[in-house]
Amino acid sequence: MIVVNTEEVPGRQITQVLGLVQGNTIRAKHAGRDIMAGFKNLVGGELKGYTELLTESRRQATERMMQQAQQLGADAVVNVRFTTSAITGGAAELYAYGTAVKLG
Amino acid sequence: MGLVIALVLTVLFLVGGLLFGRMNDRKHLASIARREERYRDIRLDNRKRVDMPEDVEVCALVIGQYVSASDYFKAFATRLRALVGGEMNSMITLMERARREAVLRMVESALKHGATEVWNIRFETSNISQMNGKRGAAQVEIIAYGTAIKRKAVA
């Protein structure tokens, strides 16, 4: 499946729009990572543990979105957008959404 | 006695934050500059419509992400700055560094697709320090994403 964040798939014709598809995940980190991140805050720099966690979570959200598109029989998802929000202490929501389309 | 220890620890953290923070900054900035130079040929564009869509061979979503922590000294400087207002230079460099790194990671994953261009680049910033359940030094996630394009080879 083609996933792009442009409005159309470059070089291809969209024949049918199937509608909005979305995927989300809410992840909590474990305490160990949290403590390490606390130490890291003393000297600054990248929080590698969080980068990995959020990367993996975002991939999962994207996969869920693609699954939904597959169920609709889509060939591609266009105009994909991401959002991240810290909803409660210790958890972040990652959300991916886009439009499922059929290609000619 | 307890007060003295607290004071000594605070000063230690501040100086440590300043020294290590500066060192980290400089090392990272050098690495960013080096890689930006190497990837100079990759065309970055944040327009929605891809030019010349006829000869596109591969298109794929690419993401670059970076979670950045502020150091103790910067956090302290930020609180001081908040008293008088104005531009927070220490945070500007932090965010700029994080954003450049996110772009580089996006470009690196575009290169894995054999792409030469990235279109419709979008940035998103979110503060995830609430994830800790407490207020503290900033922990900011920056993502850059776009559509990587590989062109057909000219015959």
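**Note on the chain A–chain B model**

1. T25(A) stands opposite L94(A) in β5(A). This is a predicted model. The pairing of β2(A) with β5(A) is antiparallel and runs over 13 bridges.

2. The sheet of chain A comes next. Four strands make up an open sheet, ordered β1-β4-β5-β2, with mixed pairing. β1 (2-3) and β2 (14-28) of chain A are at the edges; each has a single partner strand, so one side of each lacks a neighbour in the sheet.

3. Inside that sheet, β4 (residues 76-88) and β5 (residues 91-103) of chain A run antiparallel, joined by 10 bridges. Two bridge pairs can be checked in the viewer. A76(A) has V101(A) as its partner in β5(A). V78(A) has T99(A) as its partner, again in β5(A). As background, side chains in a regular strand alternate between the two faces of the sheet.

4. Now the interface. How many residues of chain B are in contact with chain A? The count is 44 residues of chain B against 37 residues of chain A. Interface size is often given as the accessible area lost when the parts come together. Here the area buried between chain B and chain A is about 3400 Å². Carbon and sulfur atoms give 55% of that area.

5. Polar terms across the interface are as follows. There are 19 residue pairs in polar contact between chain B and chain A, with both residues at pLDDT 80 or more. On the side of chain B that touches chain A, two or more residues come from each of α1 (2-38), β2 (56-69), α3 (89-112), β3 (117-127) and β4 (139-151) of chain B. Of these, β2(B) gives the most, with 10 residues. That side of chain B divides into 21 nonpolar, 15 polar and eight charged residues.

6. The rule finds five salt bridges across the interface of chain B and chain A. One of them joins R58(A) to E141(B), with the closest N and O atoms 3.1 Å apart. E141(B) lies in strand β4 of chain B.

7. Is E141(B) buried or exposed? E141(B) has a relative accessible area of 1%, so E141(B) is buried. The side chain of E141(B) also makes a polar contact with the side chain of T84(A), at 3.2 Å. Leaving out residues up to four places away in sequence, E141(B) touches L54(A), R58(A) and T84(A) in chain A, and its contacts in chain B include Q65(B), Y66(B), V67(B), E124(B) and I128(B).

8. The two chains also meet through strand pairing. Strand β3 (residues 45-46) of chain A pairs with β2(B) in the antiparallel sense, over two bridges. E46(A) has S68(B) as its bridge partner in β2(B).

9. G45(A) is in strand β3 of chain A. G45(A) counts as buried because its relative accessibility is 5%, and the cut-off for buried is under 20%. Residues up to four places away in sequence aside, G45(A) touches K40(A) in chain A, and N24(B), Y66(B), V67(B), S68(B), A69(B) and R97(B) in chain B. G45(A) and V9(A) are 36 residues apart along the chain, and their C-alpha atoms are separated by 37 Å.

10. Residues in both contact lists are worth a look together. Y66(B) and V67(B) are among the residues that E141(B) touches. Y66(B) and V67(B) are also among the residues that G45(A) touches.

Methods:
Residues numbered from 1 in each chain as written. Chains lettered and ligands numbered in written order. Predicted model: local features only at pLDDT ≥ 70, side-chain atom pairs only at ≥ 80, totals over all residues. Heavy atoms only, no water. Contact = heavy atoms within 4.5 Å. Buried area = accessible area lost by both parts, 1.4 Å probe. Salt bridge = Lys/Arg side-chain N within 4 Å of Asp/Glu carboxyl O. Polar contact = N/O pair within 3.5 Å; in protein donor to acceptor, adjacent residues only side chain to side chain. Nonpolar A, V, L, I, M, F, W, Y, C, P; charged D, E, K, R; others polar. Pairing = 2+ DSSP bridges. Buried < 20%, exposed > 50% of the residue type's maximum accessible area, 1.4 Å probe, protein only.
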